[in-house]
Amino acid sequence: MPAFASAAHQPHDAQRIELPDFDHERVLVVTGARSGLVIIVAVHSTVLGQALGGARLWAYDDWQDGLADALRLSAAMTLKNAAAGLSRGGGKAVIVIPRGTTLTEEGRSAAMLDLGDAVESLGGSYMTAEDVGTSAELMAVVALRTAHVCGLPPEQGGVGEPADATAEGVLAAIRSTLQRLDGTDDAEGRHIVISGLGNVGSRVARALSAAGARLTVADVNGARRALADQLGAAWVAPDEALTTQADLLVPCGLGGVLTSATIAGLRVKAVVGAANNQLADRTGARLLAGRGILWAPDFVVNAGGVIYLDAASRPDADLDGIARRVDGIADTVTRVFADAEASGITTLEAAERLAAERLHRPLTV
Ligand SMILES: NC(=O)c1ccc[n+]([C@@H]2O[C@H](COP(=O)([O-])OP(=O)(O)OC[C@H]3O[C@@H](n4cnc5c(N)ncnc54)[C@H](O)[C@@H]3O)[C@@H](O)[C@H]2O)c1
C-alpha cells in the first residue's frame, strides 16, 4: 500500500490554483507505484533537442500546485536552454510531498525509482537532473531505472552536481549588472543582499565576500546563519532582505519572490540571482523597470548549471570550454540589457526574444 496516496490526493481549493498557459508538448502525471507520491514530468519543448531540466522534490499543499510549478518551470527551461545556446529543449519533473509529511530515506529512494520509471516511459524526450530537494546521490537512484538522467556523483561515473557552475554563472551576471549600473564590475565595497544560502547562494556569498563586497544575507533556515557569521555578513529575516537598501538583491531561494508588493518595497538598484521564476507574474518586469530597478532575467543568469550538465555529460567534454561558456553568461546579460534599452522593452522581453530567435518561433514582442 503506498504510504502517501491519500494525503497526496487531498481536496483542493480551485480558487487558489493558477495554472499557467498550456503550450507544452506533453505532461505526464502518475502516482508512483512504490512511493504513492504524485510525480509530474512536464516536457515543454523538444524543438532544439531532448528536454533537459531538474527534478524537484518539494512540499505542496496540493498536487495541482506541483503541476502548476512543473508547467511554469519546464517552460522556463525551454527559454533557459535556448538562450544559453544549448541543443536542448525544456522540461522539468516535480515530485509532490504532501505538506506536513516527512519523507524517510526509504520514501525518498522509492520516489526516485518511481521518477526513473516515469522518465523512462517518455522514451528519451526528457533527461532529468537534480534540483531543489534532490541531489547527485538521488540521481544515482534514478539511474537504476533510466539512462535519461545526468549529474550522478563523480565516484559513480557522473559529472556531479551543477551548483558550482550555476554560482559561477550568477557571479558573471553580477559583474555585468554592476558594470551596467556604475561602469565597473568590481564588487569591492558594494552592498549586496543575498536571500537564500543553499547550494548556490552559499557559493555566491563566499565569492562575493572574498571579492570585498559588504553582504547582508537571509534564509528561512536559521542554521544558515553560521555561514553569515563566518563571512562577517549581516543576518536579517527573509522579509527584511527584500526591503534592505543596497546595490543589489541576489535571490537564491525559491521562485515567486518578486510580487507587486515586494517590488514596491525594494530599495536596490538591481536584482540578479539564481532563483528560478523570480517574477510572481510577468507584469513584474514592467513594474521593476518602472521603478528604475534593473532586473537580470533569472533564466539567463542561472543557466550555468545546465550548460555544465549538458556539456560535461558528453563524451568529448572540455572543462575549459565549459568554464568559458558559463562565463559567457556575462555577455548574454549585457546583450539583454542593451537590447531592452535599444528596443524600449523590458529585460524579460529582451531575453525571451533572444530565446525565440533560436526556437524559430514568432517573436512575442
Ligand atoms: N542548484 C543549481 O545548480 C541551480 C541551477 C539553476 C537554478 N537554481 C535555482 O536557484 C535556487 C537555489 O538553488 P539551490 O540549489 O541553492 O537550492 P537549495 O535548496 O540548496 O537552497 C535554497 C535555499 O533557499 C532557502 N530559502 C527557501 N525559501 C526562502 C525564502 N523565502 N527566503 C530566503 N531563503 C529561502 C532555503 O532554506 C535554502 O537554504 C532555486 O530556485 C533553484 O531552482 C539552482
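1. A residue is called buried here if 20 or more other C-beta atoms lie within 10 Å of its own, exposed if 12 or fewer, and partly exposed in between, with C-beta atoms placed from the backbone. Helices (H or I, at least four residues) and strands (E, at least two) are DSSP runs, numbered from the N terminus. By these terms, the buried residues of helix H12 are Gly304, Gly305, Val306, Ile307, Tyr308, Leu309, Asp310 and Ala311. That is 8 of the 9 residues of H12 (residues 304-312), and the helix is mostly covered.

2. On provenance: this is a predicted model, in which local features need pLDDT of at least 70 and side-chain atom pairs count only at pLDDT 80 or more, while totals for chains, interfaces and linings use all residues. Residue numbers start from 1 along each chain as its sequence is written.

3. Two residues are in contact if their C-beta atoms, placed from the backbone, lie within 7 Å. Thr334 sits in helix H14. Thr334 is partly exposed, because 18 other C-beta atoms lie within 10 Å. Thr334 and Arg224 are 110 residues apart along the chain, and their C-alpha atoms are separated by 32 Å.

4. The annotated lysine. UniProt, in an unreviewed entry, places the feature "active site" at Lys92. UniProt positions are given in the numbering used here, feature names are shortened, and annotations may be inferred rather than shown by experiment. Lys92 belongs to strand S5 (residues 89-98). Lys92 counts as buried because it has 30 C-beta neighbours inside 10 Å. Not counting residues up to four places away in sequence, Lys92 touches Ala42, Gly53, Gly54, Ala70, Leu73, Ser74 and Met77.

5. A residue is near a molecule or strand if its C-beta atom, placed from the backbone, lies within 6 Å of it. There are 27 residues around the ligand, and those that come nearest are Thr166, Gly196, Gly198, Gly253 and Gly305. Helix H5 (163-182) and helix H6 (199-210) are the elements that give two or more residues to this shell. The largest share, 3 residues, comes from H6. By class, the shell has 12 nonpolar, 12 polar and 3 charged residues. In this count Ala, Val, Leu, Ile, Met, Phe, Trp, Tyr, Cys and Pro are nonpolar, Asp, Glu, Lys and Arg are charged, and the others, Gly among them, are polar.

6. Two strands pair if DSSP finds at least two bridges between them. An open sheet is formed by 6 strands in the order S9-S8-S7-S10-S11-S12, with parallel pairing. The edges are strand S9 (234-235) and strand S12 (294-295), each with a single partner strand, so one side of each is left without a neighbour in the sheet. Strand S10 (residues 245-251) runs parallel to strand S11 (residues 267-271), and 4 bridges join them. Leu249 has Val271 as its bridge partner in S11.

7. Strand S8 and its partners. Strand S8 (residues 214-218) is largely enclosed by the rest of the structure, because 4 of its 5 residues are buried. Strand S7 (residues 191-195) is joined to S8 by 5 bridges in a parallel arrangement, and His191 is bridged to Arg214 in S8. S8 also pairs with S9 in the parallel sense, over 2 bridges; Thr216 has Ala234 as its bridge partner in S9. The chain passes from S8 through helix H7 (residues 225-231) to S9, a right-handed β-α-β crossover. A crossover is right-handed if, with the strands pointing away from the viewer, the path from the first strand over the helix to the second runs clockwise. S7, H6 and S8 likewise make a right-handed β-α-β unit.

8. Two loop residues. Ala233 lies in the loop between H7 and S9. Ala233 is buried, because 23 other C-beta atoms lie within 10 Å. Leaving aside neighbours within four places in sequence, Ala233 is in contact with Ala205, Ser209, Leu215, Thr216, Val217 and Ala228. Asn277 is found in the loop between S11 and helix H10 (283-290). Asn277 is partly exposed, with 19 other C-beta atoms within 10 Å. The phi of Asn277 is near 50 degrees, a positive value in a residue other than glycine.
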